[in-house]
Amino acid sequence: MVRTRFAPSPTGYLHIGGLRTALYAYLFAKKNGGKFILRIEDTDQNREVAGAVDIIISALDKAGIHYDEGPIVGGDYGPYVQSERKEIYLKYAKQLLESGDAYCCFCSKERLAEMHEKGATKYDKHCLHLSKQEVQERIARGEPYVIRQNIPESGTHTYHDEVFGDVTVDYKDLEDNILIKSDGMPTYNFANVIDDHLMGITHCIRGVEYLMSTPKYNLLYDALGWERPVYIHLQPIMRDSQHKLSKRDGDAGFEDFLRKGFLPHAIVNYIALLGWNPKDNNEKMSMAELTDKFSIEGLQKSSSIFDETKMRWLNSLYVKEMSAEDFHAAALPYYNEYYPNKDIDYKYLSELLQSRVEILTDIKERAAFLNAFDNFDIELFVNKKWKTTVDMARELIDDCIAATDTDDMNAALEQLAERKGLKKGQVLWIHRIALTGAAATPGGGAEMVKLFGKAEALRRLNEVKKILGA
RNA sequence: GCCACUAUAGUCUAGAGGUUAGGACGUUGGCCUCUCACGCCGAAGACCCGGGUUCGAUUCCCGGUGGUGGUGCCA
């Protein structure tokens, strides 16, 4: 049975990169009929963020990534929060101490800092050579200490990664890293191994930042007599060629994009494509299709740059295929924010807008004419292609009002054009500008009248008449 | 500094020892049209550099360069 996991630290938001890692782990598990587990890695007590776990859970839920085991829902391998598993790590740390694969280290931070200042690139194994007796005495005396992993001083380690192939690391480039901190909490380097094994994780899907330290984890699996998982390392999602997407720059949170008016699945669909390709030219995929097509062979070995423009395009595809009702429901909160209490047919506005917005916040721009009418710019009547002028508008405004007030406005406007010896487009242009005061509107004059209602349309036209001084 | 990973248009990517190097976003020309958008039809735009292997390398190998990552009592 395939078991994968997403193991975020509770930072208070769901990072886009983390979301993609979670997505791949989820897709891989589901594709293989396996289980997807959520585990919270909160061993750094200095980084506690209140409510962070709930935020991650709710974000994953919105994204359509549902975990089989984890906080709240539980499971047979819990607890799923590392801070609640402290005793477990300690137990295995002791085992490693006994087998000589780990040792207690009493070195002060000052000594460590001094070593680095002198050019040392890694810990010198100073405490490895302490006698058993001395170690016991110092612990009994209450001296603070950490437990370090005892890495071989020479030799190389090769392991297989599903996307990078065989990876070889020289032991001399690896440090005797800390397994248990002086506060008794494990570090990631230790906890991830213990938990992945105890939770039965078969495929370890995580960022490339662990590619080089994986041999250390393998050493731990070996020392404990455990089977190593299959490794699948993922390159990061970048903001540009030299920076990762980061919360600091405000471009990294899943929820941020939701607030910008992106649909959850459009985001998921888009990031699925960053670093993975489905081997065909269809880019728009439902969760079921993603699950069906997902494969580690399609995973990219290089990092990829996040392109919000392309995500907008994908989002627009999803917006267009929404039912009119769904789109209207989704748009309503934005109307309330941007154009509350207008005397217009909001339902009809939705119809006009649906093919014209890529993300929901585009509504603000696309229907700005609803608010902007107060600052009417009469120069808008001037159109090069149609050769319309402000004077022409002045001349036609009364007739436009009259035509708008008939039962068949379109016919009336056509007749008006004929009568004046003008092209229909010229009249329509002037009419629409007079109605909206906007060069671009989500529909023509007729649609605008339908949107406003005849009374409001006439009110607007009469106002423009005053502005024109006609 | 040392170590690791990586490299096809602006971006995401496909691809094979010999291809007109394919697709998508974006850009751009046109059509449609009272504007915008949608839709449709076109266009421009790429194999990081240097060696080697080979009849032939963008593809394989080595080196360089660029980028990223690791080198934490962070994960």
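Trainee: What makes the side chain of glutamate 41 a polar contact of RNA strand B?

Mentor: An N or O atom in the side chain of glutamate 41 is 3.1 Å from a sugar or linking oxygen of RNA strand B. A polar contact is a pair of N or O atoms within 3.5 Å, so this pair qualifies. The model is predicted: local features need pLDDT of at least 70, side-chain atom pairs pLDDT 80 or more, while totals for chains, interfaces and linings use all residues. Residues are numbered from 1 along each chain, and side-chain values use heavy atoms, without hydrogens and water.

Trainee: Which part of serine 241 lies 2.7 Å from a sugar or linking oxygen of RNA strand B?

Mentor: A backbone N or O atom of serine 241 does. Among the elements giving two or more residues to the surface near the strand (a heavy atom within 4 Å) are helix H18 (424-436) and helix H19 (445-452). These helices are DSSP runs (H or I, at least four residues).

Trainee: How do H18 and H19 pack?

Mentor: They pack at an angle of about 30°, with axes 9 Å apart. Angles under 35 degrees count as roughly parallel, so H18 is roughly parallel to H19.

Trainee: Which residues of H18 and H19 meet?

Mentor: His431, Arg432, Leu435 and Thr436 in H18 meet Gly445, Met448, Val449 and Phe452 in H19, contact meaning heavy atoms within 4.5 Å.

Technical notes
Chains are lettered from A and ligands numbered from 1 in the order in which they are written. A polar contact is a pair of N or O atoms within 3.5 Å; within protein, one must be able to donate a hydrogen and the other to accept it, and residues adjacent in sequence count only if both atoms are side-chain atoms. Axes are lines fitted to C-alpha atoms, for helices over the stretch in contact, and angles run from 0 to 180 degrees between N-to-C directions. Angles under 35 degrees count as roughly parallel, over 145 as roughly antiparallel, 65 to 115 as roughly perpendicular and the rest as oblique.
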